[in-house]
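Subject: Structure handover

Hello,

Here is the structure we talked about passing on. Please open it alongside this note.

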Amino acid sequence: MSARTAQGRVVEVVALYAGCGLAALVISGLIVEAVGADWSTVGGALLDGSVRKPGRWGGTIGVTVPLAMVAIGTIISTKVGLVNIGQEGQLLVGAAFATFASTRIPGPGPIVLVAILLAGIVGGAIWSGLAGGLRYWRKVPEVLTTLLLVSVASNLVGYGLKKPWLLLDSEAKRGNRNLVSEQLPADTRMPRITLFGNDFAISAFLAIAVVLLIGWMLNRTLWGYRLTVVGHNRRVARRFGISESVQGMVAMLASGGFAGLAGALMLTGGDFANYRMVSGFSVSIGWVGLLVALVANNRALAVIPMAFVFASLRTGSGFLASTGIERRVTDVVQGLIVLALLLPPAIMFIRERRRALAAAGSRV
Amino acid sequence: MTKAENGLESGGPAASGPPPAVCTRLLSKSFGAVAACDAVDIDIHRGEIHGILGENGAGKSTLMKMLIGLVVPDSGSILVDGEPARITDPVAAAALGIGMVHQHFSLVEALTVWENVALGDTGRLSRPGVRTAVGELSERYGLRIDPDALVADLPVGLRQRVEILKCLRREPDILIFDEPTSVLTPEESDDLFRSLRGVVEREGRSVALVSHKLTEMLDVTDRVTIMRNGLVVDQFVTAEANAGSLARAMVGRDVRLRGAEQMTPVDTGVRAVVDGGGSPPVLEFRKVEVGESGALLELDDLNFNLMAGEILGLAGVEGNGQRVIADLLSGLRNRYGGEILVNGSVVDVGQPGKALAAGIAVIPEDRHDSGVVLEMTVAENLMLSDPAGMSSHGVIDGSGLAEMADGLIERFSIMCTGPDAPMWTLSGGNQQRVVLAREMTAEPEVLVAAQPTRGLDVGAIEYMTDQLRQAAESGVGILLISSELDEILELADRVLVIYRGQVTGEMTRSEATREKIGRLMGGDIL
């Protein structure tokens, strides 16, 4: 009896996910039709742009990398019970630090590259550390501070891009060009390789290794254990000498550090803004990375496939221009996908409650 | 209907006469694979106090929650006055005349008594109307209370009265009480039961009394239904039962009872005089103060000693500072005045982990609050006191952990599916064993046991009691914080009584009597 119900439940869950996915597709299709395009062309363009056309995997992987970094950082802060939603700003500050380091640090390329990445981590960690510090010394909710620091970050970076002593490329100032930073010299860029006709930066391997490592550390080390205890029961943590503020602060710094690393990888990877810092550099990777962590349900292993799905939407949307429709349609599609992944658990919960009530009613 | 009449057909559904006020037929409810209630038949008649006795996890709470509409049954039926009833929420239950006084009060402290009673009313609020109603009710049931008093100012016993008045105002035919005496002094308990007897006999209402205290069942109820593992295992007419028969039915085997015959255990007084030959007490409180200056202090100039191998009972009505003491010794309070010494040296228990490192183990009053992490596994909970010992270079030694956990699960007979079972899947008694196992393996100097048998069944109480005695015999100083006098009298070598954050009395076990402690608990000075 119970085996049958368990099986029924699995079927139900699968059907729900399929149904929600289908609904998301149908609604996306309707919206596409409504803006005057043909859904099959649009769908085709999305697939072409992300994975189907030769070489497109490379670009999609390039977007997957920073998304995965932001998401794994988010998982760390969530584990300790903090809500960090300012990855967009942390990423931007990380990228700015990375840019600054790239123009100031002399030395052989590979060493500078490492320094750039470290600078990115430091920048992101400083930005999230501000929020963490306010949380533990002044009890300011980190939800507010991380969010508000995003606009502070984007204004600061905007300012930096106007000043040659900060980020602005002095060449660019003389000419009548946009506010951009100096381009990274070729030897400090992330090396790229080509596999099966897809060209991408080797940071992809770094990203996979980092995600696996953090996933393992969260589950198998004392560090992850302590984070989990604090995240679930602060009083138990305190009793056993686990300092909530130390663990929280470390998690917050790590979370921002990974967002900053994402920014540095975007700068050195070449898939964004051609090895330069430009205004609006973060292009919402921080926000989308947050969504990746959300739909991955804070499981490290789910981060990579989920980041790839969201990256595909973004690279696919680049091919929409040829169909003549607004590429922001993909933002709608992205939102619908998030809903399709988050709704089934909620629906299951409500259905089980209703079923219990109905059962109570039918017995009388 | 008299007590004798409805007592005659104990165990079976009423064959004749008026239908029971409420009865259940084959009522079942499962949570996952666990049947909390399995085909439960119970009859609660008009004019009786019906006791529901059972081990922790026996299903008595679930049964009551189904009657009040907080839990929806999987199958079976509930009949109110012989009519099938559909109870989907507490509002529906109230409409059918079923009301419940919960173990944890739901009162708004900032409001007065009458305002609390009026909560949940609809339509226009009539202050004189409600006040008069409160006055009448308290007159009728002998539950004297000032309708204009602020709930925040009331002691726990009076708060419970407010809770009861709230319930009685809806004129329920069936009143359910969940462990009502856990927060009361013995006198207050007697008052409560006198009122309940009045409600039942004069007005023909029914009372369902959920309790794990055998003496209460014997003294107060007309009939008792005993549950075990979700099943009704027996029913007694109380007059024909005794403590032994009730306990046997409840646990399913013979148990050693804490009761009158054990009131003077042979071993007390033997251990009590472990003076240590001049060595310092394992735990000492010197002028400890907690609380805002100016406001009422939670602990007020508190002094006491605990010797090695001694069981020191701290008696008192709940809310007089016991919890603060346990919190302090768990390292959960930042600020306090005075000094706390372990083995003669001062320990700053305000620093997280310091108390633990000094050798203070704690079985907390509310294990979910500061004892276990429900979302983590049994093994992970067991390693909390010494995570470094279960790891090398920061990496958790998975197989070593499983081995350690398996050993403790075996030694402390923890019922669970294994070291990887999430803590929330364990019953309360087994969660308590996990806490005990962890705290004892830390080889403490001091063991603080706060309400260690609360909510446990007779069998588990016996186990816990034995463990505490053994720990004391091995030289651990035990601070037993309990609001149950029986527990204190059975275990303690020395008794302290705490009232409003101060020690109001101290006596050896041989000097202690229920009456003496009871008076001190109520604030009398000897």
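Predicted model: local features only at pLDDT ≥ 70, side-chain atom pairs only at ≥ 80, totals over all residues.

Residues are numbered from 1 along each chain as its sequence is written, and chains are lettered from A and ligands numbered from 1 in the order in which they are written.

Chain contact. On chain A, 24 residues are in contact with 30 residues of chain B (C-beta atoms, placed from the backbone, within 7 Å). Two or more residues each come from α9 (222-232), α10 (234-239) and α14 (329-362) of chain A; helices are DSSP runs of H or I, at least four residues, strands are runs of E, at least two, and both are numbered from the N terminus. The largest share, six residues, belongs to α9(A).

Sheet in chain B. Strand β11 (residues 283-290) of chain B pairs antiparallel with β12 (residues 299-306) of chain B over five bridges; pairing takes at least two DSSP bridges. Leu283(B) has Leu306(B) as its bridge partner in β12(B). β11(B) is also joined by five bridges to β14 (residues 337-342) of chain B, again antiparallel, and there Glu284(B) is partnered with Leu341(B).

Helix in chain A. Buried residues of α6(A) include Leu149(A), Val150(A), Ala153(A) and Val157(A) (buried: 20 or more other C-beta atoms within 10 Å of the residue's own, C-beta atoms being placed from the backbone). Their cover includes α4 (87-104) and α5 (109-138) of chain A.

Regards

How values were computed. Contact = placed C-beta atoms within 7 Å. Buried ≥ 20, exposed ≤ 12 C-beta atoms within 10 Å, placed from the backbone.
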